[in-house]
Amino acid sequence: MKKTLILTAVLLASAAHAAEHEVKMLDIGSDKAPMVFEPAVLKIAPGDTVTFIPTNKGHNVESKIVPEGAETFKSELDEKYSVKLEKEGVYVYVCPPHSMMNMAGVIQVGEATNMEAVQKALPKLERRAMSNKGRLTKYVEELANASATDAKPAENSETPAAK
């Protein structure tokens, strides 16, 4: 009985820490850019859930790059879709009807374990875009820059003379 209570408490605690995130599929974003996911760049923890909301008709979401061992995902057109992302790494997704307009986004779950594979696939994904060229590359660069900033050690306030 005691083991069951402890196990239940651990499961409830881990479930309580999992967050839920919403990504809107928009014809026009808050910055007036056409055909966007908002937010387009998202950093979350393993086990968090992302819900894609088609705020305008004619949108869905499909993963194009996922970390090794992760499940791919694809929603139905005009349907709200939730996916729990457990595997660490970078997920790149698009709106298939608007992929030629580079309607894409990225999610980093935990550490960016597959960034090299993402960088390698970017040119092919960008080539399909007839408009908004470079958008996906910009999103991936935002993640890479944020990760580099996160990885920098805190500056030591001591001066060499103070040591």
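Residues are numbered from 1 along each chain as its sequence is written. In this predicted model, local features need pLDDT of at least 70, side-chain atom pairs count only at pLDDT 80 or more, and totals for chains, interfaces and linings use all residues.

Me: Why is Lys-32 called exposed?
Reply: Exposed means over 50% relative accessible area, buried under 20%, and partly exposed in between (1.4 Å probe, protein chains only). Lys-32 has a relative accessible area of 68%, and is therefore exposed.

Me: What makes Asn-132 partly exposed?
Reply: Its relative accessible area is 24%, so Asn-132 is classed as partly exposed.

Me: How do you know that the peptide bond from Glu-38 to Pro-39 is cis?
Reply: Omega of this bond is near 0 degrees. Most peptide bonds are trans.

Me: Why do strands β1 and β2 count as paired?
Reply: Two strands pair if DSSP finds at least two bridges between them, a strand being a DSSP run (E, at least two residues) numbered from the N terminus. 4 bridges join β1 (residues 20–28) to β2, and these strands run antiparallel. Within β2, Pro-34 is the bridge partner of Ile-28.

Notes. Side-chain values use heavy atoms; hydrogens and water are left out.
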